[in-house]
2 protein chains.
Amino acid sequence: MPVDPLRVISDLEELRALTADENGAQRIAWSPTWLKAREWFQGKLKGLPVEHHYDAAGNSWTTLPGDADRALVLGSHLDSVPNGGWLDGCLGVAAGLEVLRGFTEDFHGRPPITIRLVDWADEEGARFGRSLFGSSAFAGTHTIAVDRVRNDRDGVRLEQALRLCGVDVEKIGDAGVERKNAAAYLELHIEQGPVLENMHLPLGVVLGTKGVERHAITFHGQEAHSGSTPMTVRRDALAAAAKLALEIRPIAKKHPDAVATMGSVKTFPGIVTAVVGRCETTLDMRDLDVEVLASMLSEALAASERFAAEEGCTVDWSRIWSIEPISFSPRLIEFCDEAVRETAGISHRLPSGPLHDAAEVARTGIPTVMMFTQSLAGLSHNKAEDTRAEDLKAAVVAFDRLARKTLKWLSV
Amino acid sequence: MPVDPLRVISDLEELRALTADENGAQRIAWSPTWLKAREWFQGKLKGLPVEHHYDAAGNSWTTLPGDADRALVLGSHLDSVPNGGWLDGCLGVAAGLEVLRGFTEDFHGRPPITIRLVDWADEEGARFGRSLFGSSAFAGTHTIAVDRVRNDRDGVRLEQALRLCGVDVEKIGDAGVERKNAAAYLELHIEQGPVLENMHLPLGVVLGTKGVERHAITFHGQEAHSGSTPMTVRRDALAAAAKLALEIRPIAKKHPDAVATMGSVKTFPGIVTAVVGRCETTLDMRDLDVEVLASMLSEALAASERFAAEEGCTVDWSRIWSIEPISFSPRLIEFCDEAVRETAGISHRLPSGPLHDAAEVARTGIPTVMMFTQSLAGLSHNKAEDTRAEDLKAAVVAFDRLARKTLKWLSV
């Protein structure tokens with residue numbers, strides 16, 4: 001039976017009515033509204049010949065057993081940021097469910113291999129600042145020691161919030177057992193950026209997730225009176241930072257997919273009548289190629305030191321966080337490309353700037369790929385997040401095609 | 001009798017012991033410590049044939065009556081910022097007192113014209129944000145409607161704090177009567193900047209106070225995800241602001257004494273993972289020439305609009321405050337130049353970037369000039385503020401010479 005894209009849209013609208021308010025989606029992981037969304041999902045499984053359980057990290061697993069134990073895994077996440085959109089995460093779960101329904105009918109309840117659908121727990125990390133929570137437990141890259149003591153804004157500990165949802169933080173590593181037999185992983189997601197829209201394309205093939213280098217950079221100059229200090233003797237920390245804010249752009253633009261962002265600038269003393277004595281900035285650089293990312297970082301470092309010297313300042317760097325680039329499976333990228341071309345006539349391959357659960361899965365060596373559908377105006381994490389209905393429909397059809405190609409490959 | 005510079009230094013040390021703690025001077029206007037400083041000053045008048053009173057704005061007037069009513073006025077301020085230095089303001093009062101002592105002896109208590117010493121009330125505006133309080137009341141440029149409702153950090157109203165010091169805010173304009181007979185005004189102050197130190201000069205002649213244009217400038221771009229937004233489609237408000245932060249420098253450097261400062265930059269949302277959607281900055285521009293200042297302002301305005309357009313942003317400007325440049329008396333500048341040369345062998349003329357009470361006096365048309373003495377490392381408003389003892393001594397001697405030249409001129 002072909003998939004019914006309208007049923008996916010209708011499911012998403014149902015979920016929105018249940019879990020959003022006037023400010024947007026409120027499915028923050030470990031919250032009552034999130035639990036309500038998961039209950040809604042379980043309700044959708046009625047009548048399907050599937051098994052359902054939550055693993056030790058709170059990931060929700062729905063399994064359609066096949067002739068072989070080896071499993072094709074489809075997945076995404078139902079949790080959202082506060083005041084989030086109606087598609088981020090749940091599109092992939094709803095589309096995966098529809099593909100599962102189709103397989104159930106086509107194979108009379110018994111496909112040649114096992115099909116699984118996972119709803120990862122806490123992809124967003126919105127409440128405790130730990131994103132990719134469930135998928136990192138699955139992958140064995142979780143960090144219990146750090147996570148155990150995380151607090152939310154109200155001082156509730158992560159450990160405590162998880163216990164209320166039936167998850168023991170000490171045991172989340174046991175979710176690794178779900179890796180057994182997983183032979184491929186597919187994830188459909190909205191792009192959350194403007195690339196496909198600018199190219200007038202409904203769908204894209206994701207090559208992998210970019211590596212990230214995230215740093216705090218502070219320039220130290222000399223605070224001075226704005227009226228009595230001649231221009232020629234100033235040691236203006238803001239001037240050095242401004243030069244870097246502009247220089248990171250040509251550094252990134254040398255590479256087609258690289259990005260570099262100075263997202264925060266703080267000036268001290270930060271008053272109208274004083275030359276800036278200290279300027280604190282942040283830098284976020286991303287690329288899919290580990291060598292490109294390393295060279296961008298070293299260029300930015302050298303530039304910051306040059307600008308500091310030019311302005312009579314000093315500079316220090318402190319790494320906030322980093323992750324290596326993760327490439328998806330070449331074979332699945334080919335399948336995804338075919339599926340997109342067969343559906344939309346034209347395909348485009350692009351890296352993902354944002355991270356996704358698929359990156360954690362890919363790190364374990366399980367062949368993985370993602371498909372993107374266009375985001376209007378690149379907006380996400382916002383109630384204005386949207387995608388044209390025709391593009392959503394194309395996404396469901398293309399994702400089903402990708403799943404069938406992968407199933408066929410795994411069944412040989 | 002020649003002035004005794006060591007007595008001035010000893011007076012300043014006495015005042016410091018009385019009104020400073022381990023963090024610096026605490027003579028904040030309208031505070032008990034400030035009143036203690038003024039009481040100390042009155043104690044220093046014992047035995048001198050002078051009249052003393054406070055005017056309607058709280059300015060402290062010490063008068064040595066002469067044969068003629070026309071008066072030579074010397075002045076400065078005893079109030080300090082919190083954690084201030086030992087020289088800012090009080091050097092001018094202590095040096096003025098020493099000159100007054102010398103005149104008293106030389107003219108056997110009756111100089112040919114009247115000599116007055118004023119300690120202006122609340123030059124710094126440290127507590128209520130209204131600087132040049134007493135001198136603006138003297139000049140008739142005070143702003144009762146605005147000042148009446150000012151609050152300090154603890155919510156105490158200016159009106160209330162003044163009443164505790166015997167000043168009725170409704171009547172401060174009556175201080176204008178003190179303008180009567182004032183024929184010249186002289187003020188000695190530390191430079192509070194690095195110009196004289198860099199030239200290895202102990203003393204300088206102040207040409208006037210620079211005009212100030214102070215503006216809030218906000219760039220509006222588009223907040224976007226740092227990972228998913230390609231460099232080419234960004235509308236980065238920080239990039240436009242960074243260009244302006246750098247461009248104001250060549251704009252100011254075209255003119256020998258002009259300064260331009262971006263003292264505060266705030267980024268919104270201001271997080272490491274988002275392109276800056278809004279960037280709020282401040283600009284402070286100063287020059288002694290009203291036309292130079294106007295042309296700098298219009299160049300900065302045009303540059304900001306050009307940069308906004310280049311970055312796909314918009315920009316808006318809002319004036320925070322401005323004041324026109326104020327030039328001192330050409331004749332008194334000549335006297336001051338002679339006095340400095342006779343004392344130090346070499347003189348240098350410079351504008352003042354910071355404002356001073358002398359600017360308010362000059363606005364009334366009373367011939368006015370200031371003398372600067374070197375500040376070490378340009379530091380002020382800080383307990384580290386200092387000047388070499390030899391420079392302080394030279395300053396007292398030169399200021400006495402300036403007063404004598406002015407007295408002679410007024411006595412003709």
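A: Setting aside its neighbours within four places in sequence, B:Phe399 is in contact with B:Leu74, B:Ala95, B:Gly96, B:Val99, B:Leu186, B:Glu187, B:Leu188 and B:Met371 (contact means heavy atoms within 4.5 Å). This is a predicted model, in which local features need pLDDT of at least 70 and side-chain atom pairs count only at pLDDT 80 or more, while totals for chains, interfaces and linings use all residues. Residues are numbered from 1 along each chain as its sequence is written, chains are lettered from A and ligands numbered from 1 in the order in which they are written, and side-chain values use heavy atoms, with hydrogens and water left out.

B:Phe399 belongs to the largest nonpolar core, which has 78 residues. Such a core is a set of buried Ala, Val, Leu, Ile, Met, Phe, Trp, Tyr and Cys residues joined through side-chain atoms within 4.5 Å; buried means under 20% relative accessible area, exposed over 50%, and partly exposed in between, with a 1.4 Å probe and protein chains only. The members that touch the most others are B:Leu72, B:Leu186, B:Met371, B:Phe399 and B:Leu402. Helix 12 of chain B (residues 389–411) gives the most to this core, with 10 residues. Helices (H or I, at least four residues) and strands (E, at least two) are DSSP runs, numbered from the N terminus. A second, separate core of 77 residues includes A:Leu72, A:Cys90, A:Phe103 and A:Val212.

Next come the strands of chain A. All 7 of the 7 residues of strand 6 (residues 113–119) are buried. Strand 5 (residues 68–76) pairs with strand 6 in the parallel sense over 7 bridges (two strands pair if DSSP finds at least two bridges between them), and A:Leu74 stands opposite A:Leu117 of strand 6. Strand 5, helix 3 (residues 90–106) and strand 6 of chain A form a right-handed β-α-β unit; right-handed means that, with the strands pointing away from the viewer, the path from the first strand over the helix to the second runs clockwise. Strand 4 (residues 60–64) of chain A pairs with strand 6 in the antiparallel sense over 5 bridges, with A:Thr63 opposite A:Arg116.

Strand 5 of chain A is also joined to strand 7 of chain A by 4 bridges, and the two run parallel. Here A:Leu74 stands opposite A:Leu186. In strand 7 (residues 182–190) of chain A, 9 of 9 residues are buried. Strand 7 pairs in the parallel sense with strand 18 (residues 368–373) of chain A over 6 bridges, where A:Ile190 has A:Thr373 as its bridge partner.

Last, the two chains together. Contacts link 51 residues of chain B with 51 residues of chain A. The area buried between the chains is about 3800 Å², with carbon and sulfur atoms giving 64%; buried area is the accessible area (1.4 Å probe) that two parts lose on being put together, summed over both. On the chain B side, B:Met231, B:Arg249 and B:Val272 lose the most area to chain A, together 17% of what that side buries. The copies meet through the same surface, because 100% of the interface residues of chain B are also interface residues in chain A.
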